[in-house]
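Subject: Structure handover

Hello,

Please find the structure below. My notes on what was found in it follow.

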Amino acid sequence: MSAPILQVEDLHVWFDLADGGELHAVQGVGLSLEPGERLGLVGESGCGKTTTALAIMGLLPPSASVAGRVLIDGEDILAGGEAAMRPHRWVDVAIVFQGAMNALNPVRTIGEQIVESLELHDRAKGSVARARTAELLEAVGIPAGRAARYPHELSGGMRQRAAIAMALSCNPRVLIADEPTTALDVMVQAQILELLDALCRDFGLALVLVTHDLPVVAQLCGHCAVMYAGEIVERGPLDLLYHSPGHPYSRMLFAASPDLAGLDEPVLSIPGAPPRLDRPLAGCPFRPRCDSAFAACVERPRLLPVADGHDAACHLNTAVPA
Amino acid sequence: MSAEPSVLEIEDLVVRYPIHRGIVGTVARRPRRQVHAVEGVSLSLEKGEMLALVGESGCGKTTTAQAVLRLVDPVAGAIRFDGRDLVPLGSRELRPLRRRIQVVYQDPYESLDPRFRVRAVVEEPLLIHGLGGSKSERAARVREALERVELSPPELYLDRYPHELSGGQRQRVAIAAALVLEPDVLVADEPVSMLDVSVRAGVLNVLDGLRRDGLAILMITHDLSTAARFAQRIAVMYLGRIVEEGPAASVVRNPQHPYTKALLSVVPRRDPRDRRRPQILQGETPDAVAIPAGCRFHPRCPIAEARCSAEDPALVRPSSSEAGHRAACLLLPTVGDS
């Protein structure tokens with residue numbers, strides 16, 4: 001095992017609400033990413049997966065409070081604030097957002113935007129920067145001649161490629177992709193996933209794929225962390241999560257996605273909705289929706305190992321058979 | 001094929017949208033151009049059947065649905081509902097028929113009026129159509145519609161506002177508002193794509209239950225795994241044409257058209273051990289303004305031959321597929337070929 005590039009330890013993020021309450025979006029998340037590793041961060045809307053990604057990047061809005069540790073190569077960049085984060089953001093860890101139209105400046109060409117990010121980080125200037133931009137665009141499958149195009153002149157897939165090229169401009173080692181294909185058509189989604197796969201392979205990039213789409217993670221990632229109500233409820237190798245899940249939520253999420261391989265299997269929804277995070281949670285947060293809840297679930301379970309490198313937060317794993 | 005007559009029959013439907021030339025274009029007498037959104041689509045839908053219309057953005061699937069709802073005017077073709085062609089009818093004649101063809105849209109966050117309680121949302125269609133009799137009769141029909149979408153007991157939901165409901169519950173309310181008119185046909189345009197994965201199956205199972213009770217459903221979707229699981233028949237559209245159509249299981253397990261094959265290959269499987277090389281088509285669907293000559297799929301087709309750029313294939317039954325399964329590809333041996 002090599003040393004992790006990125007570690008998140010006991011991360012908490014909360015927002016002050018107008019009525020004086022607090023919304024606890026992230027509650028004690030821990031993650032670890034080795035060089036070249038591909039991790040899927042999965043969960044429903046509002047589970048805290050995007051907030052976790054933004055906290056890692058130091059891009060949370062001012063209304064957010066953060067506690068815990070985010071380490072890059074062992075250095076805690078959260079403790080040092082913006083001054084500690086700045087040398088690492090885009091340089092070591094970069095992010096691509098859902099809906100690239102919002103991530104790109106509509107009044108500047110995509111080439112200018114990439115040149116700007118290269119110059120801002122003192123990577124290259126002038127003609128060198130322009131040549132590097134052409135290289136980056138080629139690497140993501142955009143003909144270099146399109147550098148002079150504005151974002152609105154490109155299709156959704158091309159815009160997402162441009163956003164990826166911009167994220168890669170400083171040669172980061174970790175790429176966080178937040179729902180990179182959600183707004184795209186299936187064929188374009190497949191093209192972008194193939195591109196991410198190739199970039200990880202060719203540049204040794206580590207990937208954090210933030211998504212609600214488990215099958216996409218299953219095809220692209222080696223590891224997965226499943227979030228529910230601000231917490232990680234299960235993490236480990238994907239193969240184990242699918243074939244021997246340690247948490248009913250992971251099992252039920254897989255069963256809720258229709259699959260071409262199992263046309264005769266029933267597709268089951270998960271009843272109910274996730275709990276509100278502006279109130280204190282008692283017991284296991286998934287208990288009201290769980291098909292296997294039992295007496296012990298009134299106590300909040302901790303994330304404990306169920307196998308080597310596989311953790312889950314469920315009392316079923318520690319229950320003594322009656 | 002069952003002997004039951006189709007509830008809805010679309011025949012050679014053509015819908016085109018003009019592109020505005022602007023003042024400069026008009027003065028310069030630039031040619032008038034059109035978006036060829038739907039170019040000769042024929043479909044039929046039976047009682048108790050769900051037909052999934054599948055394809056990428058811009059393939060014409062939503063335009064086809066809008067034509068069925070008579071929200072756009074077709075250039076040519078017929079839309080027969082209950083044996084009567086809707087295309088030549090004016091708005092006055094359409095009014096009583098509109099009740100019987102209802103629609104559910106993609107986004108339940110946009111389609112429900114935020115100031116209306118659930119009770120009012122579901123009751124409003126009855127008031128508009130002057131149906132439902134007395135106030136208490138209407139209330140009973142509203143309650144019944146909510147129960148049919150599994151929002152029960154209805155009392156729990158009647159006085160709530162949309163913002164107090166989850167996405168899945170909102171979409172059920174939207175379905176109830178369509179059902180309260182007791183339609184024969186329900187058009188569902190991407191009914192679950194805005195919802196969380198965990199609640200999608202619930203809404204789809206509700207639609208499936210309604211279909212079993214006899215409702216005919218035309219579902220527009222880009223998601224082949226959903227279509228495969230819930231629809232009885234699948235029609236795959238590309239650039240305004242149906243390129244393949246047939247029983248859902250047959251289309252999914254034994255796809256004939258190269259476009260269908262590619263679409264199926266890129267659907268991610270949920271088992272991490274089931275990784276296969278997807279057959280990714282490069283580029284994007286061409287503009288529906290300049291349709292390629294011959295087979296409109298030939299510029300992106302992995303197996304295209306010279307004749308594919310000259311000849312426009314018809315939708316016929318390939319010899320290696322079961323009855324009712326048709327595909328539009330010149331390179332497929334068809335029933336009747338020797």
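The radius of gyration used here is taken over C-alpha atoms, and the globule rule is 2.2 Å times the number of residues to the power 0.38. For the 322 residues of chain A, that rule puts a compact globule near 20 Å; chain A has 21 Å, which agrees. Along the principal axes, the C-alpha atoms of chain A fill a box of roughly 70 × 50 × 45 Å.

Before the rest, some conventions. This is a predicted model, in which local features need pLDDT of at least 70 and side-chain atom pairs count only at pLDDT 80 or more, while totals for chains, interfaces and linings use all residues. Residues are numbered from 1 along each chain as its sequence is written, and chains are lettered from A and ligands numbered from 1 in the order in which they are written.

Confidence

pLDDT is the predictor's confidence in each residue, from 0 to 100. Chain A averages 92, with 98% of its residues scoring at least 70. Chain B also averages 92, and 98% of its residues score at least 70. For the complex, the predictor gives an ipTM of 0.88 and a pTM of 0.91.

Helices (H or I, at least four residues) and strands (E, at least two) are DSSP runs, numbered from the N terminus. Chain A has 10 helices and 12 strands. Within chain A, confidence is lowest in helix α3 (residues 100-103), with a mean of 72, and highest in strand β9 (residues 223-228), at 98.

Chain A: strand β3 and what follows

A residue is buried if 20 or more other C-beta atoms lie within 10 Å of its own, exposed if 12 or fewer, and partly exposed in between, with C-beta atoms placed from the backbone. By this count, buried residues make up 48% of the 322 residues in chain A.

Strand β3 (residues 38-42) of chain A is mostly covered, with 5 of its 5 residues buried. A:R38, A:G40 and A:V42 point one way from the strand, while A:L39 and A:L41 point the other way.

Two strands pair if DSSP finds at least two bridges between them. β3(A) runs parallel to strand β8 (residues 206-211) of chain A, joined by 5 bridges, and A:G40 stands opposite A:L209 there. β3(A) also pairs with β9(A) in the parallel sense, over 4 bridges; in that pairing A:L39 stands opposite A:H223.

The loop between β3 and α1 of chain A holds A:S45. Because A:S45 has 14 C-beta neighbours inside 10 Å, it counts as partly exposed. Its C-alpha atom is separated by 23 Å from that of A:V188, 143 residues apart along the chain.

Helix α1 (residues 49-57) of chain A has 8 of its 9 residues buried, so it is largely enclosed by the rest of the structure. Among the buried residues are A:K49, A:L54 and A:I56. After α1(A) comes A:G58, which has a positive phi near 65°.

Chain A: helix α4

The buried residues of helix α4 (residues 110-120) of chain A include A:I110, A:I114, A:V115 and A:L118. Buried residues of α4(A) pack against α5 (126-139) and α6 (156-167) of chain A. A:D122 follows α4(A), and its phi is positive, near 55°.

Contacts

Two residues are in contact if their C-beta atoms, placed from the backbone, lie within 7 Å. Among contacts in chain A between residues at least 6 apart in sequence, 63% join residues at least 24 apart.

The contact between the chains takes 34 residues from chain A and 34 residues from chain B. On the side of chain A that touches chain B, α7 (186-203), α8 (214-220), α9 (238-243) and α10 (248-256) of chain A each supply at least two residues. The largest share of that side, 6 residues, comes from α7(A).

Chain B: an open sheet

In chain B, an open sheet of 4 strands has the order β2-β1-β4-β5, with antiparallel pairing. β2 (33-45) and β5 (84-85) of chain B stand at the edges with a single partner strand each, so one side of each is left without a neighbour in the sheet. Strand β4 (residues 76-81) of chain B and β5(B) are joined by 2 bridges and run antiparallel; B:F81 has B:R84 as its bridge partner.

Regards
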